[in-house]
Amino acid sequence: VQSTHGLADSWDKAKATFGEGDNGLVAYAEDGAEAMGKSKAAALDAASAYGLLLKGTGLDAPDLTKMSTDLAVRTADLAELYKRPFEAANEAIASSIKTGSSKALKGLIEYGITISDTDVKTEALTLGIARQGDVLNRQQKSLAVSSLIMKESAEAAGTYAASTDDIGVQIEQMRANWENAKASLGDAALPALTGLATKVGDLVGGFNELPAPIRNTVSELALL
């Protein structure tokens with residue numbers, strides 16, 4: 001049930017970030033275990049985190065969803081390719097998207113991505129989100145950096161899913177599938193467990209309404 005609530009919360013966050021439409025989110029979440037070693041909930045959370053960074057960049061819901069899910073999967077690919085924890089790769093990429101600063105961009109070098117300030121300005125012009133001579137705002141930088149990360153890391157695409165002989169990947173995939181199974185089991189069991197909890201609550205309520213001497217006697221008998 002805990003896994004079920006976690007997945008439901010993750011879907012709520014995703015809908016709040018990307019809107020009510022599917023836009024590929026269901027397929028992305030379903031593929032999370034194999035493509036990223038992440039449960040549906042964790043995959044959705046990773047995409048939502050990138051989505052929040054890119055909100056306000058002018059992307060519509062489908063494009064925002066695609067860019068965010070692509071970044072999440074590419075994070076797993078880069079982490080596997082360079083044998084770094086997913087969290088470390090995620091932090092480096094998110095920091096670059098969030099600030100677009102030279103210092104943050106240097107953090108991408110260990111993942112084979114080299115982006116300069118000039119590259120960011122040129123990419124903004126290429127995307128048509130800025131004009132020559134403009135000082136880029138945070139949103140423009142975020143979108144340009146995201147686009148460059150995907151382009152510069154293109155060779156890493158699919159690395160995680162293809163690493164089927166890596167024992168670490170196998171373990172992560174098994175854990176993710178187990179979390180998904182628990183969430184699915186919780187979905188099926190939740191109505192029954194909710195009904196049981198209601199009946200237990202009614203029983204406890206009825207017991208508490210009994211006269212004190214009877215309650216004490218029942219409690220003593222229960223201890224025998």
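Predicted model: local features only at pLDDT ≥ 70, side-chain atom pairs only at ≥ 80, totals over all residues.
Residues are numbered from 1 along each chain as its sequence is written. Local features need pLDDT of at least 70 and side-chain atom pairs count only at pLDDT 80 or more, while totals for chains, interfaces and linings use all residues; side-chain values use heavy atoms, with hydrogens and water left out.

**Exercise 1. State the secondary structure of the protein chain and the share of its residues that is buried.**

Step 1. Helices (H or I, at least four residues) and strands (E, at least two) are DSSP runs, numbered from the N terminus. The protein chain has 12 helices and 0 strands.

Step 2. Buried means under 20% relative accessible area, exposed over 50%, and partly exposed in between (1.4 Å probe, protein chains only). Of the 224 residues in the protein chain, 38% are buried.

Step 3. Contact means heavy atoms within 4.5 Å. Among contacts in the protein chain with a separation of 6 or more, 66% join residues 24 or more positions apart.

**Exercise 2. Describe how helix H9 packs against H8 and H6.**

Step 1. Two packed helices are described by the angle between their axes and the distance between the axes. Axes are lines fitted to C-alpha atoms, for helices over the stretch in contact, and angles run from 0 to 180 degrees between N-to-C directions.

Step 2. The axes of H8 (residues 117-127) and H9 (residues 138-152) come within 9 Å and cross at roughly 95 degrees. H8 is therefore roughly perpendicular to H9, a label for angles of 65 to 115 degrees; under 35 counts as roughly parallel, over 145 as roughly antiparallel, and the rest as oblique.

Step 3. On the H8 side the contact uses Asp119, Val120, Glu123, Ala124 and Leu127; H9 supplies Lys141, Leu143, Ala144, Val145, Ser147, Leu148 and Lys151. These residues divide into 7 nonpolar, 1 polar and 4 charged. Here Ala, Val, Leu, Ile, Met, Phe, Trp, Tyr, Cys and Pro count as nonpolar, Asp, Glu, Lys and Arg as charged, and the others, Gly among them, as polar.

Step 4. For H6 (residues 86-99) and H9, the axes come within 6 Å and cross at roughly 140 degrees. Ile93, Ser96, Ile97, Lys98 and Thr99 of H6 meet Arg138, Lys141, Ser142, Val145, Ser146 and Ile149 of H9. The division is 4 nonpolar, 4 polar and 3 charged.

**Exercise 3. Which residues touch the most other members of the largest nonpolar core?**

Step 1. A nonpolar core is a set of buried Ala, Val, Leu, Ile, Met, Phe, Trp, Tyr and Cys residues joined through side-chain atoms within 4.5 Å.

Step 2. The largest has 47 residues, and Met36, Ile97 and Ile149 touch the most other members. Helix H4 (residues 40-54) gives the largest share, 8 residues.

Step 3. Leaving aside neighbours within four places in sequence, the contacts of Met36 include Ala72, Val73, Phe86 and Tyr160.

**Exercise 4. Are Glu80 and Asn180 buried or exposed, and what do they touch?**

Step 1. Glu80 lies in helix H5 (residues 61-81). Glu80 counts as buried because its relative accessibility is 12%.

Step 2. Beyond neighbours within four places in sequence, Glu80 contacts Thr159, Tyr160, Ser163, Asp166 and Val169.

Step 3. Asn180, in helix H11 (residues 167-208), is buried at a relative accessible area of 14%. Not counting residues up to four places away in sequence, Asn180 touches Ala33, Ser39 and Lys40. A polar atom of the Asn180 side chain lies 2.8 Å from the backbone nitrogen of Lys40.

Conventions. Polar contact = N/O pair within 3.5 Å; in protein donor to acceptor, adjacent residues only side chain to side chain.
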